[in-house]
Amino acid sequence: MNRQKKGNLKKSSGMAVQLWCIMMLLVIFTVFFMWAFQIYFMERNYINSNIAEIQEQLTPVLRELEVTDLADNRQMISYLTNTANGKVLIADNKGELIALYSYGYPINLEENRQEIRVWERIAKSSDYQSILSGLPYTRTIREGVRITSYETGLPVTYKGQEAYVILYRYFTDLYTVLDMNRQLLIVLSILLILTASVLAAFLAGRFTRPILRIKNTVDLLTEGELNASPGFSRTDEIGQLAASVEELGNALQKVDVLRREIIANVSHELRSPLSLICGYAEMVRDIT
């Protein structure tokens, strides 16, 4: 009996582990889907939407840039700097940097070495020939899989001569927000896995515990303890199974009562003729 109970406990614990693993696989799949959605959809969508916003803002002014001297149109310069999230570069037809504007106002080039480095990076790129040819161009700069900045250049007229305006936008601030979202997602994923692990263990135990009790009850019935009962009542399928096992036990008790009555009746009916036979046998034995 003890061996059977130990075997039942092992079977039950194995079933509980299987249920726990299934629930955890569902949770891990959910966390994986959250990360895939965040990285491959949300982050890329943010970057693409920013690039599309720049292109959309430039579309209405392209024709005006062809006929307007940019140096005389401070409103247009302000519009372009806002589109570029702050600053634009202007190069002459020889490809030399001649002006820098920040939110519509000219900036001293000698005091802004960072912007000069931006221009030097642009001058070293393969798109530099587009600037010299006066052709529009767009370019995305990547570091690994991330798009770190976006550039677009347009031919314009500046102070009566052919020039080139370059708008560039860094996505540093955007990636700062996205990295914060990733950190929050990491914390959320850990909390979700821990909570799901505890909840899955509780639910697996709650599901397998009544099954173990039903199995132990059946084992006791097979050993002859016909008064054994699962001892719980539920309205679900497990409760129906427990009720069926209890009805089986009651039916076996009735069968056992009938068995005892039959044995008692048969033994009584056989006892009388056997007594007579025994009496005659003793008499024959005693008569010489």
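Contact here means heavy atoms within 4.5 Å, and every view below is taken from a predicted model.

**View 1. Surroundings of L65.** Once its neighbours within four places in sequence are left aside, L65 is in contact with L70, M76, L80, L154, V156 and T157. L65 also belongs, together with L70, L80, I90 and V165, to the residues that have the most contacts inside the largest nonpolar core, a set of 26 residues. At least two residues of this core come from each of α1 (2-58), α3 (74-83), β1, β2, β5, β6 and α6 (172-222), and β5 gives the most, with 5 residues. Another core, of 14 residues, lies apart from this one and includes A91, L100, W119 and I166.

View 2. In α4, which spans residues 113-123, the buried residues are E115, I116, V118, W119 and I122. These residues lie on the same side of α4, because they cover an arc of only 155 degrees around the axis. An α-helix has 3.6 residues a turn, so residues three or four places apart point the same way. The buried residues of α4 pack against β1 (87-92), β2 (97-102), α5 (128-133), β4 (137-143), β5 and β6, whereas the face turned away from the buried side carries the exposed residues Q114 and R117.

**View 3. The loop at K159.** K159 lies in the loop that runs between β5 (146-158) and β6 (161-170), and K159 is exposed, with a relative accessible area of 61%. Although K159 is not a glycine, it has a positive phi of about 55 degrees. Most residues other than glycine have a negative phi.

Conventions: Residues numbered from 1 in each chain as written. Predicted model: local features only at pLDDT ≥ 70, side-chain atom pairs only at ≥ 80, totals over all residues. Heavy atoms only, no water. Helix = DSSP H or I, 4+ residues; strand = E, 2+ residues; numbered from the N terminus. Buried < 20%, exposed > 50% of the residue type's maximum accessible area, 1.4 Å probe, protein only. Arc of directions from axis to C-beta. Core = buried A, V, L, I, M, F, W, Y, C linked by side-chain atoms within 4.5 Å.
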